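Please look over the sequence and the model shown below before reading on. The briefing that comes after is meant for a reader new to this structure.

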Amino acid sequence: MSTAARLISGSVASWAQIGVTMASQIVLVPVYLSYWDVKTYGIWLAIQGIMSALSMLDLGHQNYMGFEFLRLGRMNIPMLRKSFWSALVFSIMISLFQIFLIAVLIFTGILTVLLGESRATDPELINAAGIALILQGVSWLAVMTIPGLMGRVLAAFGYYPRFAWWGFLYTIVVGMSPLVAVVLGADLLMASVAFLIGSFTFAAALYVDIFRLLKREKIRFVKPSLPLGYSNFIKSIPLLGKSLFENVRQQGVRLVLAPLAGPVGLAAFSTMRTGANVALQGLNTIINPLLPDLMRFLHDRDQPRSEAAFATVWIVVVAFMAPGVVILQTFVEPFYIFWTQGKITFDPLLFAILSLGVLVYAVVQPAMAVVIGNNLTKTQLALASMAAVIVFGILILLVPVIGILGAAIALLLAEVAAAIGYKIYAQRWLNQNALMWPKRPFYLAVISVLIAAGSLTVMIWRPEFKWLTLGIALFFFIWNLWRYWQVLPVVAIESAKNVIVKIPGIRRLFFLFDS
């Protein structure tokens with residue numbers, strides 16, 4: 001398979017996986033709430049959050065080794081074999097340690113606190129949650145730890161697209177297995193058993209493919225080196241810290257929110273956040289394919305093309321995401337009530353704050369790309385740590401006072417603080433490398449976020465004027481889009497023209513912006 005074919009196949013697989021994730025986030029909620037009560041669904045979500053946090057140790061190590069395997073590649077097969085088998089020993093040890101930690105959480109009663117429940121209130125449900133978490137830990141070892149590292153070593157031989165498609169299939173299997181069980185009447189424990197059966201069935205087919213490829217590429221077994229494995233594990237810790245803090249900021253909210261607000265509050269927060277998560281997934285379909293080109297432009301010190309790459313992200317914010325947030329706020333309430341079967345109350349302020357957090361995250365994506373793409377690991381760790389501290393600190397202060405709204409405020413303030421930090425460090429790196437931060441396009445993208453924030457505030461404060469507010473907001477969005485179009489780099493304008501003129505019925509609008 002050629003390089004171009006691998007790139008296309010890998011991108012399509014990633015987009016397909018994101019599409020399945022987005023669809024599942026929308027479809028699964030009403031199905032689960034049709035068969036379970038809100039508390040059971042909240043505990044199910046809390047279990048996912050706990051497992052996600054525990055797995056960061058393993059993922060940090062795997063990601064580091066993935067880059068090591070790419071560095072060694074076909075040029076040093078003996079060292080690649082030794083590094084792989086040494087790393088596999090440590091990956092298995094890490095995963096077994098995760099299962100041990102789960103047992104500690106269960107037998108010390110910490111799990112009960114993390115779930116926001118009292119064992120005396122519903123001991124059967126708490127026991128089921130503990131067993132479910134152990135089953136997820138076992139599934140992680142069999143399906144994510146061992147195949148995950150094997151997939152990374154095979155990626156060095158050009159098999160990344162193949163494993164991207166395996167990842168797409170896995171997303172479907174782990175989404176559908178418990179869902180089918182729930183529809184058939186399964187409780188929390190039986191849904192977890194179905195999850196394990198689905199995972200193991202998937203793993204059986206995956207292992208057949210993996211071992212065949214390992215044999216083809218001559219990655220046969222060699223005696224592992226514990227000193228080498230340990231050395232690589234220690235080197236992976238900075239990436240672990242960054243991943244851990246990012247997870248705390250994004251998913252780890254569940255760990256704190258469940259004991260503070262209870263499983264019902266967690267379910268309400270998670271369903272409210274679904275729209276924001278879908279928007280983030282959609283944004284990633286643009287960012288991920290763009291990152292390799294952006295890195296090439298930056299390393300070539302190509303200012304026009306770098307600005308064009310930045311502009312591609314910002315025009316999505318200016319033209320689609322910011323107006324879309326305001327439009328969604330106008331229409332979402334009846335759909336949300338229908339979606340949650342009327343079991344969870346819609347909170348317009350909570351929904352608006354979560355939406356604004358996504359816009360802030362979107363605006364700072366070019367700056368994040370500069371920092372992450374240039375391996376500024378200390379900067380990433382510092383900013384992620386700061387954001388995590390803000391999230392935890394404000395959560396603990398506000399959630400007991402104002403409920404899950406405090407969690408949304410914590411996330412928004414953390415995103416704002418991280419955005420400021422990423423922008424400062426990205427601009428500094430660009431200045432040090434004979435490049436400039438595109439100030440005017442950035443400020444116009446920020447103005448779109450401010451227009452959205454002002455519009456949402458008015459809609460919540462005076463809901464009887466929401467249609468008037470929407471009309472005024474759309475006027476300002478169009479005006480700001482026109483201003484943004486005027487400052488686009490020539491390269492970006494030409495690229496946009498080539499896309500727009502191919503869309504039927506859109507050509508005349510293009511000439512309006514170009515005049």
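What follows is a short briefing, grouped by topic.

The structure is a predicted model, and its chain has 20 helices and zero strands. Of the 515 residues of the chain, 54% count as buried. Among the contacts in the chain with a separation of 6 or more, 83% are accounted for by residues 24 or more positions apart.

**Aromatic pairs**

- Trp 166 counts as buried at 17% relative accessibility, and Phe 202 counts as buried at 7%, because buried means under 20% relative accessible area.

**An aromatic cluster and a charge over a ring**

- Phe 310, Trp 314, Trp 437, Phe 442 and Tyr 443 form one aromatic cluster.
- Arg 462 lies over the face of Trp 461, at a distance of 5.9 Å from the ring centre.

**Helices α3 and α6**

- Helix α3 and helix α6 (residues 123-155) pack at an angle of about 20°, and their axes are 8 Å apart.
- The two helices, α3 and α6, are therefore roughly parallel to each other, as angles under 35 degrees count as roughly parallel.
- The crossing in which α3 passes α6 is right-handed.
- Where the two helices meet, the residues of α3 include Asp 58, Leu 59, Gln 62 and Phe 69, while those of α6 include Trp 140, Met 144, Arg 152 and Val 153.

**Helices α13 and α17**

- The axes of helix α13 (residues 348-363) and helix α17 (residues 439-461) come within 10 Å and cross at roughly 180°.
- That angle makes α13 roughly antiparallel to α17, because angles over 145 degrees count as roughly antiparallel.
- Among the residues of α13 that meet α17 are Pro 348, Leu 349, Leu 356 and Val 363, and the residues on the α17 side include Phe 442, Ala 445, Val 449 and Ile 460.
- Phe 442 is also one of the members of the aromatic cluster described above.

**Two single residues**

- Ser 192 lies in helix α8, and this residue is buried, with a relative accessible area of 1%.
- Leaving aside residues up to four places away in sequence, Ser 192 touches Trp 44, Ala 132 and Leu 135.
- Leu 226 is found in helix α9 (residues 226-250), and Leu 226 is exposed, with a relative accessible area of 52%.
- Although Leu 226 and Val 89 are 137 residues apart along the chain, their C-alpha atoms are separated by 8.2 Å.
- Leu 226 touches Val 89 and Phe 90, again not counting residues up to four places away in sequence.

Note on methods
Residues numbered from 1 in each chain as written. Predicted model: local features only at pLDDT ≥ 70, side-chain atom pairs only at ≥ 80, totals over all residues. Heavy atoms only, no water. Buried < 20%, exposed > 50% of the residue type's maximum accessible area, 1.4 Å probe, protein only. Phe/Tyr/Trp six-rings, centres within 6.5 Å; stacked < 30°, edge-to-face > 60°. Lys NZ or Arg CZ within 6 Å of the ring centre and 35° of its normal. Axes fitted to C-alpha atoms, helices over the stretch in contact; angles between N-to-C directions. Helix = DSSP H or I, 4+ residues; strand = E, 2+ residues; numbered from the N terminus. Parallel < 35°, antiparallel > 145°, perpendicular 65-115°, else oblique. Left-handed = near helix turned anticlockwise from the far one by under 90°. Contact = heavy atoms within 4.5 Å.
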